[in-house]
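Please keep the sequence and the structure in view while reading.

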Amino acid sequence: MTRLMRMMRHLPIGLIWLILLPPALHTQVRAVVPAQSHANRFYSPGVDAGDYVYISGQGPRRADGTVPATFSEQCRQALDNIKLIVEAAGLSTEHVVYTQVYLEDIGKYGEMDRVFGEYFPKIPPARAVLGVAHVPDAPIQISAVAVRNLAERQAISPADLKAGTASPGVLTHDLLFISSMPGSHPNTGAVPNDPAAQVDLALDRMQAVVKAAGLELSNMVFVNPYLTQEIPMRVMNERYARRFEFGNTPARATIEVSSLPGGSHVEYTGIAVRDLRQRKAVRPKNMEPSPTASPCVFAGDILFCSAKSGFIPGPHGGVYSSTTPHQLRQTMRNLLDNLEEAAMNFDEAVSTNVYLDNLSELQDFDEIYKEYFGPVMPAQNVVQQIAPADRKADKDGHYPDLEQVSLIAVRKKGKH
């Protein structure tokens, strides 16, 4: 037995796969499927896109289909499932730089937080935590992003904000991942009564993390505003627009959720690019410049696209379909408009976030969704964030959004 073979006996299968590949192929996008996982037509457990690995939302289910009895064990199982995917990509949990946690009961935040401390003892990833109505496998779902090169990874913390089981920010060689920053006072945790004051506090806290990394809000390429019904959308948008250049804002997915940690009603999480020269906003010709969101923004070869719904653009625009499958086809058309403006297509999508009005319609959604991607299905995270809407048309024949999709795409090598 050769020395190389003896060494490989003790390595994860995913890492052996990478070693044996010719170097030129290491950066090709590929699905990451742990040995314990089953084939899935609708999403890849993980997608290795070269610099980053995107990991689908993971619930508490074991490989044999069973679910642990206690919440702490369920949280550990969801993190173990992420660990398996990361290792199948030849990495470890040390490479995880960002996570999103969806809880059906925000009261379980403390238990979840304690378990996280067990899994990330060195540099914990940035993290967003949301209370939602439903996830596919109750009561928790966790998605993640891992960086392949650890050389320039570092935790970022403003002077007045301590890193606990989540780093306020994690800087990699090219991106800054920012934890969700709530609309509460950083020292006391007090939440102001005024919605505008809450929004300003959350934006101030996000900006503080960005500045601690030596960057500015102009470096932001993607933002998730999460808010409860206590925050009027008009107020959030008005305060948010003050922070960014009109028509050159980050891509954005604004999501109403059931609850947020600490009694907050608004929080912001997002991603910034280190080199401003790598940032480029993309806007299809059928969309007017916006004070609150760019349709897509490049960070080098990574394209971050705003959440889209079944809204038909134009002078008489609106959502005119009353079913999820029909709305989804318009959503995908809207996303394709963005991708084509960036000289890309659905084959280059590596990760999507899906927000459904009713999670019971996931199978109908997926049957349409899968038609648009290939040959590698993107990683996917799916939640129902609030109670279902009343599906009646208004006086103008407009229906509520029944689904939204945001995506990340990676430009193929050699493509300009």
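Asn 338 is buried, at a relative accessible area of 0%; buried means under 20% relative accessible area, exposed over 50%, and partly exposed in between, with a 1.4 Å probe and protein chains only. This is a predicted model, in which local features need pLDDT of at least 70 and side-chain atom pairs count only at pLDDT 80 or more, while totals for chains, interfaces and linings use all residues. Residues are numbered from 1 along each chain as its sequence is written, and side-chain values use heavy atoms, with hydrogens and water left out.

**Individual residues**

Asn 338 belongs to helix H7. Helices (H or I, at least four residues) and strands (E, at least two) are DSSP runs, numbered from the N terminus. Neighbours within four places in sequence aside, Asn 338 is in contact with Val 282, Pro 284, Met 287, Pro 295, Cys 296, Cys 305 and Lys 308, where contact means heavy atoms within 4.5 Å.

Thr 249 is located in the loop between H6 and strand E11 (251–252). Is Thr 249 buried or exposed? Thr 249 counts as buried, because its relative accessibility is 0%. Residues up to four places away in sequence not counted, Thr 249 touches Phe 244, Arg 279, Ser 290, Pro 291, Thr 292, Ala 293, Ser 294 and Val 297.

Helix H5 (residues 195–212) contains Arg 205, which is buried with a relative accessible area of 13%. Apart from residues up to four places away in sequence, Arg 205 touches Leu 161, Met 181, Pro 182, Ser 184, His 185 and Pro 186. Between the C-alpha atoms of Arg 205 and Thr 352, which are 147 residues apart along the chain, the separation is 26 Å.

In the loop between strand E9 (175–182) and H5 lies Asn 187, which counts as exposed because its relative accessibility is 69%. The C-alpha atoms of Asn 187 and Lys 395 are separated by 47 Å, and the two residues are 208 apart along the chain.

**Backbone geometry**

Most residues other than glycine have a negative phi, and most peptide bonds are trans. Ala 343, in the loop between H7 and E17, has a positive phi near 60°. Ala 343 is partly exposed, at a relative accessible area of 43%. The peptide bond from Ala 138 to Pro 139 is cis, with omega near 5°, and Pro 139 lies in the loop between strand E5 (126–131) and strand E6 (140–147). Gly 374 and Pro 375 are also joined by a cis peptide bond, with omega about 0°; Pro 375 is in the loop between H8 and E18.

**Aromatic rings**

The whole structure holds 10 aromatic pairs. Rings of Phe, Tyr and Trp (its six-membered ring) pair if their centres lie within 6.5 Å; planes under 30 degrees apart count as stacked, over 60 as edge-to-face and the rest as tilted. Phe 346, Phe 365, Tyr 369, Tyr 372 and Phe 373 are linked by ring pairs into a cluster.

Two arginines sit over rings, as the table shows. A charge sits over a ring if NZ of Lys or CZ of Arg is within 6 Å of the ring centre and within 35 degrees of the ring normal.

| Charged residue | Ring | Distance to ring centre |
|---|---|---|
| Arg 127 | Phe 116 | 4.8 Å |
| Arg 411 | Phe 298 | 4.3 Å |

**Pockets and the cavity**

Rolling a probe the size of a water molecule over the atoms shows where empty space is left. On a 1 Å grid over the protein atoms alone, a cavity is a set of points where a 1.4 Å probe fits but cannot get out, and a pocket is an open set with protein on both sides within 12 Å along at least five of seven lines; lining residues have an atom within 4 Å of a point. Grid points are joined across faces, edges and corners, and a volume is the space filled by probe spheres set on the points.

The largest pocket holds about 1200 Å³ of space. Its lining has 39 residues, with Ala 307, Ser 309, Phe 311, Asp 401 and Gln 404 nearest its centre. Helix H7 (324–341) is among the elements that give two or more residues to this lining.

The structure has 1 cavity of 30 Å³ or more, and the largest cavity contains about 330 Å³. Of its 23 lining residues, Tyr 98, Gln 100, Ser 351, Asn 353 and Ile 408 are the closest to its centre.
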